[in-house]
Amino acid sequence: MRIDVIAALPDIVRGPIQHSIVGRAQDKGAVEIEVHDLREFAEGKHRQIDDYPFGGGAGMVLKPEPIFASIDAIKDAHGEPDEVIFLTPDGEPFDQPMANRLSMAEHLVLLAGHYKGVDQRVRDELVTLEVSIGDYVLSGGELPALVLIDAVARLQPGVLGDASSALTDSFQDGLLDAPVYTRPAEYRGLRVPPVLRSGNHAAITEWRDTVRIEKTRRRRPDLLEDPAAETG
Ligand code: 6GU
């Protein structure tokens with residue numbers, strides 16, 4: 001899979017993608033990520049990427065020309081992407097099913113906004129999907145782009161070992177994960193639940209299932225709700 005990221009602050013994206021699972025996914029050739037500096041597509045002596053909003057209001061707006069130019073250049077070099085994704089707090093909520101779906105794409109373009117927003121013509125003409133990573137406001141789309149990249153990169157074949165298979169993640173089956181422990185079996189008087197050291201795999205599975213359901217009920221009851229029971 002290829003991922004092109006267009007950012008006003010590209011260095012925020014460049015650092016973290018070299019590390020951890022995303023770095024490993026690139027080393028293995030499972031993902032190729034290129035980060036583009038929006039300013040390099042801006043014209044004029046000042047390479048201006050933003051301007052005041054028509055009609056007034058607070059904050060600056062990303063100009064359309066550098067964004068159109070950057071996406072044209074990416075399409076010329078690598079063809080039509082599966083999606084052009086704009087990261088924005090008013091986008092569609094990002095969740096595991098969306099990560100699963102996007103992980104099947106061959107080519108994604110991520111546009112990380114900044115300042116007050118981006119000229120609406122970009123959203124109308126170029127963007128195919130608008131994504132938010134949660135109900136809070138961040139100062140730019142760079143961190144959300146990293147979140148999306150991590151979530152899709154770790155789903156690429158061969159990136160996770162069997163031991164950390166994505167299929168065992170919280171959310172893949174709709175429940176939160178069970179607690180995990182490692183040695184020592186007792187630390188500062190705190191003991192690991194004996195069932196986990198019993199060697200009885202049926203009992204361990206039953207304990208984990210019970211604890212996962214109880215934890216999900218307490219912490220995320222919304223995940224247990226039957227969507228068909230929606231009252232509106
Ligand atoms: Cl995608 N962008 C920004 N700026 N803030 C956010 C977000 C995105 N998702 C949640 N908050």
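The structure is a predicted model, in which local features need pLDDT of at least 70, side-chain atom pairs count only at pLDDT 80 or more, and totals for chains, interfaces and linings use all residues. Residues are numbered from 1 along each chain as its sequence is written, and side-chain values use heavy atoms, with hydrogens and water left out. The domain assignment gives domain 1 (2-155) and domain 2 (170-223); such bounds come from an automatic or database domain assignment. Taken over C-alpha atoms, the centres of domain 1 and domain 2 are separated by 37 Å.

- Helices (H or I, at least four residues) and strands (E, at least two) are DSSP runs, numbered from the N terminus.
- Two strands pair if DSSP finds at least two bridges between them.
- Strand β5 (residues 83-93) pairs with strand β6 (residues 107-112) in the parallel sense, over five bridges.
- Between these two strands the chain passes through helix α4 (residues 96-102), and this β-α-β crossover is right-handed; that is, with the strands pointing away from the viewer, the path from the first strand over the helix to the second runs clockwise.
- Phe-86 has Leu-111 as its bridge partner in β6, and Glu-83 stands opposite Leu-108 in β6.
- β5 also pairs with β8 in the parallel sense, over five bridges, and there Ile-85 has Leu-129 as its bridge partner.
- β1 and β6 run parallel and are joined by six bridges; Val-5 stands opposite Leu-110 in β6.

**Burial in β6**

- Six of the six residues of β6 are buried, where buried means under 20% relative accessible area, exposed over 50%, and partly exposed in between (1.4 Å probe, protein chains only).
- In a regular strand the side chains alternate between the two faces of the sheet.
- In β6, His-107, Val-109 and Leu-111 point one way, while Leu-108, Leu-110 and Ala-112 point the other way.

- Val-131 lies in strand β8 (residues 129-132), and Val-131 counts as buried because its relative accessibility is 0%.
- Leaving aside neighbours within four places in sequence, Val-131 is in contact (heavy atoms within 4.5 Å) with residues including Ile-85, Phe-86, Leu-87, Met-98 and Leu-148.
- The C-alpha atoms of Val-131 and Gly-44 are 31 Å apart, and these residues are 87 residues apart along the chain.

**Nonpolar cores**

- A nonpolar core is a set of buried Ala, Val, Leu, Ile, Met, Phe, Trp, Tyr and Cys residues joined through side-chain atoms within 4.5 Å.
- The largest nonpolar core has 36 residues, and those with the most contacts inside it are Ile-3, Val-5, Ile-33, Ile-85, Leu-102, Leu-110 and Leu-148.
- At least two residues of this core come from each of β1 (2-7), α2 (20-27), β2 (32-37), β5, α4, β6, β8 and α6 (142-153).
- The most is given by α6, with seven residues.
- A second, separate core has 17 residues, among them Ala-42, Val-84, Phe-86 and Val-109.
- Leaving aside neighbours within four places in sequence, Ile-85 is in contact with Leu-102, Leu-108, Val-109, Leu-110, Leu-111, Leu-129, Val-131 and Leu-148.

- Helix α3 (residues 64-78) has 15 residues and reaches 21 Å from its first C-alpha to its last, close to the 21 Å expected at 1.5 Å a residue; the expected span of a helix is 1.5 Å times one less than its number of residues.
- The buried residues in α3 are Pro-64, Pro-66, Ile-67, Ser-70, Ile-71 and Ile-74.
- Gly-79 follows α3 and has a positive phi, near 85 degrees.
- Helix α6 has 12 residues and reaches 16 Å from its first C-alpha to its last, close to the 16 Å expected at 1.5 Å a residue.
- Nine of the 12 residues of α6 are buried, including Glu-142, Leu-146, Leu-148 and Val-152.

**The three-stranded sheet**

- An open sheet of three strands has the order β3-β4-β7, with mixed pairing.
- β3 (50-51) and β7 (117-118) stand at the edges, each with a single partner strand, so one side of each has no neighbour in the sheet.
- β3 pairs with strand β4 (residues 61-62) in the antiparallel sense over two bridges, and Asp-50 stands opposite Leu-62 in β4.
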